[in-house]
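This report goes through a few parts of one structure in turn. Please look at the sequence and the model before reading on.

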2 protein chains.
Amino acid sequence: MIKSVKPGQEVTLYGYVHEFRDLGKIKFIQLRDRTGTIQVTVKNQPDLELNREDVVKVKGKVQESNIAKAGIEVISEKVEVLSKVKKKLPVDPTGVVPSELDTRLKYRVLDLRKPEIRRIFEAKSHLAFAFRDYLYHRGFIEIHTSSIVAAATEGGAELFEVQYFEKKAYLAQSPQLYKQIAVVGGLEKVYLTTPIFRAEKHNTIYHLNEAISLDVEMAFIEDHHDVIKVLKDVFKHMINYTAEKMGMPENKINEIKTYTYTEAVDMLNKHGTKIEWGEDFSKEHEKALYEILKEDAYVITDFPADIRAFYTMRDPEDPRIGRSFDLFYRGLEVSSGAQRIHIPEVLEEELRKRGLDPLDFEFYIEAFRYGAPPHGGFGMGLERVTMKFMNLNNIREAMLFPRDRTRVTP
Amino acid sequence: MIKSVKPGQEVTLYGYVHEFRDLGKIKFIQLRDRTGTIQVTVKNQPDLELNREDVVKVKGKVQESNIAKAGIEVISEKVEVLSKVKKKLPVDPTGVVPSELDTRLKYRVLDLRKPEIRRIFEAKSHLAFAFRDYLYHRGFIEIHTSSIVAAATEGGAELFEVQYFEKKAYLAQSPQLYKQIAVVGGLEKVYLTTPIFRAEKHNTIYHLNEAISLDVEMAFIEDHHDVIKVLKDVFKHMINYTAEKMGMPENKINEIKTYTYTEAVDMLNKHGTKIEWGEDFSKEHEKALYEILKEDAYVITDFPADIRAFYTMRDPEDPRIGRSFDLFYRGLEVSSGAQRIHIPEVLEEELRKRGLDPLDFEFYIEAFRYGAPPHGGFGMGLERVTMKFMNLNNIREAMLFPRDRTRVTP
């Protein structure tokens with residue numbers, strides 16, 4: 001690794017040719033790997049010809065240098081060419097010549113060579129690690145559910161159809177039902193990271209048709225506040241751990257406050273953004289609320305039950321209220337959760353209220369007929385968190401190979 | 001949690017009714033959660049009627065007991081019923097009455113309540129954690145690739161078709177191409193855990209149509225032995241860490257030896273199992289080799305190139321040999337890997353040798369035209385490792401909700 005070399009060492013370094021200067025008898029390579037760049041001085045290979053992004057292996061000795069920017073250079077004993085560039089580079093990996101997002105996504109293989117792009121995925125890797133690490137060490141069990149499912153578990157978002165041998169099947173919109181079965185089945189506290197699939201036709205900067213969901217589900221809760229506590233703790237850990245690892249202390253967050261939906265509606269109306277109690281937040285409402293609160297992260301809880309998923313438990317004191325919540329990070333909803341209904345008759349009633357037939361959900365309801373503890377959980381969009389953490393303008397930037405309305409390659 | 005209660009404590013416990021004995025004025029509950037069971041003595045609720053697997057919340061005081069098996073019991077102040085069982089239990093969660101695998105998978109919600117079933121998924125959780133933890137702390141970056149792809153990246157296994165808006169797309173058989181782009185693109189060392197999908201029609205005890213793959217890919221290698229070293233190190237860590245956590249020290253492994261394919265062929269023939277050089281191992285060959293070697297884990301390397309994937313690098317000294325390897329655990333192939341070809345012309349040549357048209361793989365080959373380091377990696381089947389670690393007879397036991405030839409629910 002380039003970053004770790006010290007004067008006096010005999011080294012073998014691998015990397016990309018970031019720059020090549022040919023002065024005839026003497027040649028200079030700026031050699032790059034993901035840890036940094038170093039100057040290589042070549043005096044014994046007069047025929048060496050290199051282009052930007054060729055891959056080479058360099059044997060040589062590290063010494064101090066007055067000319068090289070880093071104050072050290074490698075005096076080459078031998079440069080071996082491992083791979084030659086065969087085409088004109090369609091994206092400039094130094095980033096000097098900017099490219100459109102479409103072109104960059106098409107040539108991710110070059111786009112990823114820019115340190116600022118690589119950092120997005122370093123941050124994403126730390127965020128995913130921190131999520132799991134926190135939960136694992138607190139007795140949560142990682143589960144793996146299946147992406148191929150027989151039916152929708154949630155209304156709303158549309159489904160991608162799969163030809164599963166002779167049958168029609170679908171790609172899971174969420175692991176909702178499965179994580180619930182796992183905890184009701186006695187695993188009690190689980191987490192998972194899994195792709196989710198939504199056949200939504202709109203192409204926005206906030207939506208992907210395939211995304212990574214970080215999910216938690218836990219049994220034996222008193223109410224949704226037990227889940228909110230875990231959500232806040234794990235989210236704070238994810239952000240603060242990653243801020244530390246990435247050298248971005250300005251991203252650290254302290255307390256995450258909770259506001260009720262009713263309080264949020266009052267604040268919005270008071271500050272001139274009209275919203276009726278019972279309405280779901282629009283993007284404009286969310287933006288206005290962020291401008292009012294000016295907090296990096298907050299939880300809004302106790303949404304009207306009728307605008308939430310049918311499996312949301314109602315507040316027994318005020319059944320208009322659902323025991324449900326969202327976490328907003330830098331103004332964007334990044335997580336949703338709730339206490340779930342664990343009584344089969346209540347599930348049936350909620351389905352009927354929404355004009356749905358309980359028989360179509362029999363397979364789901366069945367899971368609660370053999371003794372089911374009160375439980376709840378949340379799902380979190382890893383790309384949404386990464387997007388806001390890195391201040392990106394488009395969620396596609398946070399997915400290596402995004403899938404959207406028109407894109408299935410690379 | 002039941003396991004952690006101590007005499008003298010005032011406690012609130014949640015759990016399932018494992019057993020209920022009603023002696024009129026006095027009633028006994030064996031209360032169960034995932035950590036254990038405890039006796040609850042109820043003297044002040046003469047009307048309390050419970051059935052097995054009802055879910056209750058118990059407030060009371062822990063005291064020492066001469067009668068209770070654990071030596072302690074809870075004297076109940078109040079038992080609150082949170083959920084009543086509504087149907088006859090189709091699977092006995094105490095495991096006293098055995099059920100067929102099909103029935104158990106249908107009622108995972110009850111099946112999972114057996115400690116020995118739960119232990120399978122605890123082991124799987126530890127294995128997955130150990131895999132990532134090891135690599136993360138050694139500078140590997142976790143990536144997330146997409147499951148919806150435009151085309152096959154490997155021959156052989158069949159593909160599930162997805163209707164992706166107006167287009168046909170497929171479910172990824174492996175993240176092969178994508179992890180290669182990520183390392184060639186400059187992430188250098190990556191890992192991921194992702195579902196993989198194979199539309200294979202045969203229904204065996206070793207195959208799932210959806211499985212979890214643990215993948216690694218790394219750049220700047222000298223040859224496949226650099227990859228084999230990482231594979232051995234991470235696998236040993238996974239097994240030994242999980243053996244420790246699960247209290248199964250007998251599962252620990254020491255040295256993992258490497259044998260060449262040629263050595264394995266010689267051993268097999270010498271011990272009376274016929275195999276020609278150039279033939280792929282059959283299940284019988286694998287079994288015979290395990291009986292000869294009697295080692296829990298070993299790597300077989302240097303397979304004939306022609307029986308491996310087209311992207312396998314050939315040995316420049318002996319081009320009949322591919323720089324590829326398999327890891328066997330308790331006789332079952334659990335991982336496969338190789339050094340990959342990073343030179344586009346060589347990839348084209350390998351495709352033509354196999355009667356394939358390089359134009360069909362242009363999208364893949366393109367990634368190597370802009371400078372590509374030598375690289376390699378492996379994929380590992382998490383369910384296969386879990387199956388052998390827990391000595392299971394059928395790989396379906398290692399998947400919460402397996403997908404096979406006929407099963408898409410639950």
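Which backbone nitrogen does the side chain of Ser65(B) reach? In this predicted model, the side chain of Ser65(B) reaches the backbone nitrogen of Ile67(B), at 3.1 Å. Ser65(B) sits in a loop of chain B, between strand E4 (55-64) and strand E5 (72-83). Its relative accessibility is 12%, so Ser65(B) counts as buried, the cut-off being under 20%. Leaving aside residues up to four places away in sequence, Ser65(B) touches Gly71(B), Ile72(B) and Glu73(B).

**A covered helix in chain A**

Helix H10 of chain A, residues 382-389, is mostly covered, with eight of its eight residues buried. Among the buried residues of H10(A) are Leu382(A), Glu383(A), Arg384(A) and Phe389(A). The table lists the elements of chain A against which the buried residues of H10(A) pack.

| Element of chain A | Residues |
|---|---|
| Helix H3 | 115-136 |
| Strand E11 | 210-219 |
| Helix H5 | 224-245 |
| Strand E14 | 324-329 |
| Strand E15 | 332-340 |
| Strand E16 | 375-381 |

H10(A) is followed by Asn391(A), which has a positive phi, near 55°.

**Two helices in chain B**

In chain B, helix H3 (residues 115-136) packs with helix H5 (residues 224-245). The angle between them is about 140°, and their axes are 8 Å apart. That angle makes H3(B) oblique to H5(B), because only angles over 145 degrees count as roughly antiparallel. The crossing of H3(B) and H5(B) is right-handed.

Residues of H3(B) that take part in the meeting with H5(B) include Ala123(B), His126(B), Leu127(B), Ala130(B), Phe131(B) and Tyr134(B). On the side of H5(B), the residues include Val230(B), Val234(B), His237(B), Met238(B), Tyr241(B) and Lys245(B). An α-helix has 3.6 residues a turn, so residues three or four places apart point the same way.

**How the two chains are related**

Chain B is superposed on chain A by a rotation of 180° with 0.0 Å of shift along the axis, at an RMSD of 0.1 Å. This is the relation of a two-fold axis. The same surface serves both copies, since 100% of the contact residues of chain B recur in chain A. Which residue of chain B comes closest to the rotation axis? That residue is Val162(B), whose C-alpha is 2.3 Å from the axis.

Key: Residues numbered from 1 in each chain as written. Chains lettered and ligands numbered in written order. Predicted model: local features only at pLDDT ≥ 70, side-chain atom pairs only at ≥ 80, totals over all residues. Heavy atoms only, no water. Helix = DSSP H or I, 4+ residues; strand = E, 2+ residues; numbered from the N terminus. Buried < 20%, exposed > 50% of the residue type's maximum accessible area, 1.4 Å probe, protein only. Polar contact = N/O pair within 3.5 Å; in protein donor to acceptor, adjacent residues only side chain to side chain. Contact = heavy atoms within 4.5 Å. Least-squares fit on C-alpha atoms with pLDDT ≥ 70 in both. Axes fitted to C-alpha atoms, helices over the stretch in contact; angles between N-to-C directions. Parallel < 35°, antiparallel > 145°, perpendicular 65-115°, else oblique. Left-handed = near helix turned anticlockwise from the far one by under 90°.
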